[in-house]
Amino acid sequence: MNKIDHNDPLSKSTDIVSENIEQLQQLFPEIFKEGKIDWQELQATLGEHIDT
C-alpha cells in the first residue's frame, strides 16, 4: 500500500460545482455571458421544464 501525501491528486477534494458548471457550459453554451450563467437565458432555454 502506498502512502498518499498532500501533493497527491488523490488527497484533493473534487470541486463538484466547477465540474457541474463545465457540464452546463458544454450543454448550453448560450446561457453563459461574460463567464457567468445568465439565469434568464437559462430559463428561456429550459422553457416549460422549470418549476419555480
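**Surface, fold and local detail**

Reply: Starting with the surface: the accessible area of the chain is about 5,000 Å², and carbon and sulfur atoms account for 50% of that. Keep in mind that this is a predicted model.

Me: What's the average pLDDT of the chain?

Reply: The average is 88, and 100% of the residues score at least 70.

Me: In which elements is confidence lowest and highest?

Reply: Confidence is lowest in H2, with a mean of 92. It is highest in S1, at 96.

Me: OK, fold. How many helices and strands does the chain have?

Reply: Two helices and two strands. Read from the N terminus, the order is α-β-β-α. The chain is more spread out than a compact globule, because its radius of gyration is 17 Å, well over the 10 Å that the globule rule gives for 52 residues.

Me: What box do the C-alpha atoms fill?

Reply: Roughly 50 × 25 × 15 Å, along the principal axes.

Me: And how much of the chain counts as buried?

Reply: Of its 52 residues, 6% count as buried.

Me: Which residues make the nonpolar surface patch?

Reply: Val17, Ile21 and Ile37 make it, and the patch covers about 230 Å². Ile37 sits in strand S2, which spans residues 36–37.

Me: Why does Ile37 count as partly exposed?

Reply: Because its relative accessibility is 34%.

Me: Switching to helix ends. What caps the N-terminal end of H2?

Reply: Asp38 does. One of its side-chain oxygens lies 3.1 Å from the backbone nitrogen of Gln40. The helix covers residues 39–46.

Me: Which residue follows H2?

Reply: Gly47, and its phi is positive, near 60°.

Me: Which residue other than glycine has a positive phi near 55°?

Reply: Glu34. Most residues other than glycine have a negative phi.

Me: Where is Glu34 found?

Reply: In the loop between strand S1, residues 32–33, and S2.

Me: Is Glu34 buried or exposed?

Reply: Exposed, because its relative accessible area is 83%, against a cut-off of over 50%.

Me: Back to the other helix. Where does Ser18 lie?

Reply: In helix H1, which runs over residues 16–27. Ser18 counts as partly exposed, at 31% relative accessibility.

Me: How far apart are Ser18 and Glu48?

Reply: They are 30 residues apart in sequence. In space, the C-alpha to C-alpha distance is 26 Å.

Technical notes:
Residues are numbered from 1 along each chain as its sequence is written. This is a predicted model: local features need pLDDT of at least 70, side-chain atom pairs count only at pLDDT 80 or more; totals for chains, interfaces and linings use all residues. Side-chain values use heavy atoms; hydrogens and water are left out. Patches are made of residues with over 30% relative accessible area and no salt bridge: like charges are joined within 9 Å, nonpolar side chains (Val, Leu, Ile, Met, Phe, Trp, Tyr) within 5 Å. Accessible areas come from the Shrake-Rupley method with a 1.4 Å probe; for residues, only the protein chains shown count as cover. A salt bridge is a side-chain nitrogen of Lys or Arg within 4 Å of a carboxyl oxygen of Asp or Glu. Helices (H or I, at least four residues) and strands (E, at least two) are DSSP runs, numbered from the N terminus. Buried means under 20% relative accessible area, exposed over 50%, partly exposed in between (1.4 Å probe, protein chains only). A polar contact is a pair of N or O atoms within 3.5 Å; within protein, one must be able to donate a hydrogen and the other to accept it, and residues adjacent in sequence count only if both atoms are side-chain atoms. The radius of gyration is taken over C-alpha atoms; the globule rule is 2.2 Å times the number of residues to the power 0.38. pLDDT is the predictor's confidence in each residue, from 0 to 100.
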